[in-house]
Amino acid sequence: MSALALAAAGSAGAQDSADPIKLTLHDWTGQLITTQLMGKILQKAGNNVEYVQADYLAQFAGLETGDLDVAMEMWETTGREAMDAATATGKVENFGPTGMKAKEEWWYPEYMKEKCPGLPNWEALKDPACAEAFSTAETAPKGRYLGGPVTWGGFDDERVEALDLPFEVIHAGTDAALFAELESAYQRQAPIMLWIYAPHWAPAKYKGEWVEFPEYTPECYNDPAWGSNPDMAYDCGKPFGEIWKVGWAGVKDKWPGAYEAIKAFTIDNDEMGQMITEVDLNGKTVEEVTDAWIAANEGRWKPWIGQ
Amino acid sequence: MADATAIPGPRGLPRWAGWGLVLLPCAALWLWGAPAAPWAFDWPKGWTIPAARWITAFTRWLLNDATFGLFTFQELTRFVAGVIDAPYRIVLSLLSTGFLRGEGSTAVEITPPLSWVAVIVSFALLGLWAGGRGLALLVAACFLFIAVFGQWQSAMVTLASILVAVPLGVAGGMALGVLAWRHLWFSRAIRPVLDLMQTIPVFAYLVPILFLFGFGPTAAVVATLIYAMPPMTRVTELALHRVPPELSDLGRMVGCTRRQMLWRVMVPSAREALMVGVNQVIMLSLNMVIIASMIGAGGLGFDVLAALRRLDFGAGLEAGFAIVALAVALDRLSQAVAVRGRGAPLRGGPLARHPYLVASLVTIAAAAAIGFVIPWVQSYPQAWQLSTGTFWSRVVEWINVNFFDTLEAVKNFFLLNLLVPFKRFLAGLPWLGVAALLAFAGWRSGGWRLGLLIAALVTLIAATGQWEKAMITVYLCGISVAIAMLIGLPIGVLAANSDRLWSWVRVIIDTLQTLPSFVYLMPAVMLFRVGDFTAMIAIVAFAVAPAIRYTVLGLKGVDPRLIEAGRAMGCSEAQILTRIRLKLALPEILLGLNQTIMFALSMLVITALVGTRDLGQEVYIALTKADPGRGLVAGLAVAFIAIVADRLIHAGAQAARGRLGLGGSST
């Protein structure tokens with residue numbers, strides 16, 4: 001907290017440029033909420049703010065040239081490579097963690113527990129009857145696991161091999177497709193096993209659980225000897241990851257006050273999960289939800305902007 | 001190609017003998033060649049041309065170091081971006097944001113944007129001027145639909161970028177087309193460039209464009225121009241060549257200068273054909289709305305994406321149909337302007353001479369003035385908005401719950417009996433055999449140059465390590481095109497006979513062409529799961545439009561005297577159709593096949609979103625890794641496939657023209 005206070009003392013909105021700080025908006029609710037919260041806090045500090053719609057990965061082109069200034073959610077689990085490439089140029093800076101942790105893992109709806117009683121322990125999946133319960137005509141007798149888009153990585157093909165799971169990995173092309181399949185299966189109470197991440201509205205809307213794999217450690221991914229399979233890496237679950245704030249490296253000099261505020265901004269998974277649910281399932285607008293948070297949490301955000 | 005007619009087979013042998021000579025070794029290679037010549041199946045890793053690395057290095061150089069002495073390449077492109085940005089800002093202010101002082105959240109509004117009433121009335125007046133009362137009503141209804149379904153704000157943002165992109169695309173395309181018409185060398189030089197512009201998926205060059213033109217609506221407009229301009233250039237060149245020589249002779253006799261000749265004689269007489277180009281520019285620009293929204297253009301495309309990520313099908317459909325409404329309004333307006341004859345000029349003062357313009361300006365001023373007092377005149381009130389709410393989601397749910405098993409059975413039947421075997425067959429083909437076979441086909445139909453070109457392109461695909469993905473691409477697009485033609489041809493035949501049916505079919509295919517495929521892709525995923533079958537549905541839905549359109553165009557163009565002659569000779573209706581009409585319409589139908597293939601290939605990037613493993617996916621992966629080289633290499637492979645298909649069909653169509661005596665070249 002003392003570092004925060006120091007940072008806050010050094011920031012005064014007055015010396016910031018009057019140009020608008022461009023914050024990027026992507027196409028998922030959580031990110032819209034995070035960005036609007038940040039924007040509203042910066043406005044309270046007297047900064048000029050502009051929201052720009054941009055693609056999650058294509059935005060790095062804009063962040064490097066300073067056409068865009070701040071991206072509020074860059075997930076360790078999906079954006080790492082692009083983020084590393086961008087920060088390596090020296091034109092993009094990592095503004096630190098948002099405080100939210102990305103959780104990603106194999107997930108199944110609760111009603112599947114009847115057909116595969118050993119869950120959520122991953123070893124239940126090795127039972128052929130259990131795998132068959134998750135199968136479709138194309139994959140039978142193997143189970144079908146719907147993985148994320150190829151671009152997300154995730155090492156699921158390797159995981160299936162390392163843990164010797166009787167499953168076939170099918171890659172969805174985009175996360176909209178992922179959730180469309182889940183919605184479809186859930187409506188019919190049909191079997192499905194897929195990649196779900198949080199914070200997201202899906203775990204709030206659908207009842208279900210994450211499979212419990214051996215817990216991730218860096219050695220598991222790097223050292224084949226680790227874990228149950230002595231010859232292969234990836235014999236464990238997926239890592240938890242930070243969600244980072246990144247932006248144009250010039251922000252520090254152009255808007256020093258805002259820079260400190262952005263670095264100081266944090267929020268946690270539970271708060272975010274609640275807000276996402278309010279918007280996506282209870283029909284409130286992002287505007288209403290973020291206003292409510294700003295009103296309820298003055299004590300938290302005021303120090304970020306030195307008030 | 002110089003020689004339009006088919007090259008006759010070697011002397012003394014029947015035509016099929018040549019085919020046999022090539023087919024037999026290819027089949028032998030395919031069946032037994034794998035152990036002896038594995039390199040003919042999989043291009044050896046060591047020989048792979050590192051084109052991706054070269055291109056990446058080149059773009060890095062272009063972005064960071066390229067310079068013309070006084071300014072760098074990037075400064076030049078940024079200047080161009082500024083030139084495009086200025087009109088865009090004005091139109092956007094007028095339609096959506098209002099004129100502001102300052103930027104961002106501290107900006108102060110000087111004047112509000114045009115009120116929705118004023119925009120609707122102005123477009124309706126434009127319709128009245130161009131096409132009469134029916135058109136005015138249609139245009140007003142389209143815009144009212146947008147307002148009623150709460151899409152006004154987003155639609156105006158999209159409309160602003162279209163209103164900037166379309167005139168630029170039309171002007172630029174026409175300029176290039178005129179140059180190509182005047183100079184044969186330019187025409188030859190630009191044709192491959194146009195092919196590449198139209199067939200390389202946008203995602204492949206998105207990253208360099210973002211760096212060069214800056215992130216935001218301007219880059220989106222540039223990307224839209226690259227994609228939407230080529231048809232205008234092609235149509236311009238073609239249309240100017242088609243102007244009857246009597247007219248140009250007349251122009252010369254009355255002593256026209258070169259410029260007068262072009263603008264007073266050639267362009268007016270080619271006007272109808274030119275408007276086909278304008279129509280295509282509008283349609284293709286609206287196609288880009290989704291991709292443009294990914295790079296900061298916002299508008300309706302963003303609404304579609306955001307809605308589908310929430311699985312809110314109703315909201316996605318509403319935003320999608322708002323795009324269709326815009327497309328229909330703009331398209332019908334441009335068509336009407338094209339056919340509108342120049343009536344006698346009205347006499348009187350400036351007020352009386354421009355009644356529509358005056359009425360429009362009066363409405364705008366009055367609406368602005370009243371808008372200050374009565375807010376609903378300025379912006380459409382939320383309380384009047386309609387929404388389908390959860391209706392569409394519930395429809396999909398109902399189908400899903402009740403019919404999923406039936407649909408699954410149908411899908412599995414197709415997959416197991418058609419898709420998978422065809423995929424296996426193509427994947428097992430040796431690149432060497434395919435290259436030889438296609439090159440031979442090119443030589444037979446278009447001469448040795450075409451043969452060489454095709455051989456080179458096919459080999460290049462293999463040499464850059466794209467063969468396997470290219471074959472998956474060919475499999476997916478090939479099946480989809482076949483199905484699209486099977487659906488499109490009969491519908492086209494029926495629609496050509498009945499104007500009433502045609503007017504309905506036209507609405508449907510315009511919708512299919514402009515409705516973002518994302519809107520129906522996600523419900524399709526719910527019903528058919530991710531994978532090739534869902535991708536195929538999306539491709540067929542999009543590619544069936546040109547199959548129908550060109551079939552109708554061809555059949556309607558058949559000389560009625562020939563049909564009469566057929567009747568007089570006692571042909572039955574079926575004979576007239578198969579022996580006369582379809583035969584004579586063959587060149588247009590082949591052109592339709594060509595366009596169907598192009599449309600199918602352009603859907604590849606979208607189908608990557610439902611988990612295909614083809615070149616589209618490769619382009620998409622490259623985008624997410626910000627690797628311009630990898631993306632462009634995959635994009636070029638798509639373009640090569642398109643060019644091979646295009647050239648073969650083109651040569652075939654010319655040969656058909658020659659046989660039917662319809663006159664020579666179409667280029």
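Chain B comprises 32 helices and 2 strands. The radius of gyration of chain B is 27 Å, close to the 26 Å that the globule rule gives for 667 residues, so chain B is as compact as a globular protein of that length. The C-alpha trace of chain B extends over about 85 × 70 × 60 Å along its principal axes. The model is a predicted one.

Two domains are assigned in chain B: domain 1 covers 74-106 + 156-311, and domain 2 covers 391-428 + 464-657. The C-alpha centres of domain 1 of chain B and domain 2 of chain B are 25 Å apart. Contact between them involves 22 residues of domain 1 of chain B and 26 residues of domain 2 of chain B. On the side of domain 1 of chain B that touches domain 2 of chain B, at least two residues each are supplied by α7 (184-199), α8 (202-213), α13 (271-287), α14 (289-294) and α15 (300-309) of chain B. The largest share of this side, 6 residues, is provided by α8(B). By class, the residues on this side of domain 1 of chain B are 17 nonpolar, 4 polar and 1 charged.

Chain B is also in contact with chain A, through 46 residues of chain B and 43 residues of chain A. In chain A, two or more residues of the side that touches chain B come from each of β2 (49-53), α3 (59-65), α4 (76-88), β6 (167-171) and α7 (175-188). The most is given by α7(A), with 9 residues. The side of chain A that touches chain B contains 21 nonpolar, 12 polar and 10 charged residues.

Helix packing was examined for one pair in chain B. Helix α26 (residues 532-556) of chain B packs against helix α29 (residues 586-602) of chain B at an angle of about 165°, and their axes are 8 Å apart. An angle over 145 degrees counts as roughly antiparallel, and α26(B) and α29(B) are therefore roughly antiparallel to each other. The crossing of α26(B) past α29(B) is right-handed. From α26(B), the contact is formed by I539(B), F542(B), A543(B), P546(B), A547(B), R549(B), Y550(B), T551(B), L553(B) and G554(B). Their counterparts in α29(B) are E588(B), I589(B), L591(B), G592(B), Q595(B), T596(B), F599(B) and A600(B). The residues of the contact of α26(B) with α29(B) comprise 11 nonpolar, 5 polar and 2 charged.

Key. Residues are numbered from 1 along each chain as its sequence is written. Chains are lettered from A and ligands numbered from 1 in the order in which they are written. This is a predicted model: local features need pLDDT of at least 70, side-chain atom pairs count only at pLDDT 80 or more; totals for chains, interfaces and linings use all residues. Domain bounds come from an automatic or database domain assignment. Two residues are in contact if their C-beta atoms, placed from the backbone, lie within 7 Å. Helices (H or I, at least four residues) and strands (E, at least two) are DSSP runs, numbered from the N terminus. Ala, Val, Leu, Ile, Met, Phe, Trp, Tyr, Cys and Pro count as nonpolar, Asp, Glu, Lys and Arg as charged, and the others, Gly among them, as polar. Axes are lines fitted to C-alpha atoms, for helices over the stretch in contact, and angles run from 0 to 180 degrees between N-to-C directions. Angles under 35 degrees count as roughly parallel, over 145 as roughly antiparallel, 65 to 115 as roughly perpendicular and the rest as oblique. A crossing is left-handed if the near helix is turned anticlockwise from the far one by less than a right angle, and right-handed if clockwise. The radius of gyration is taken over C-alpha atoms; the globule rule is 2.2 Å times the number of residues to the power 0.38.
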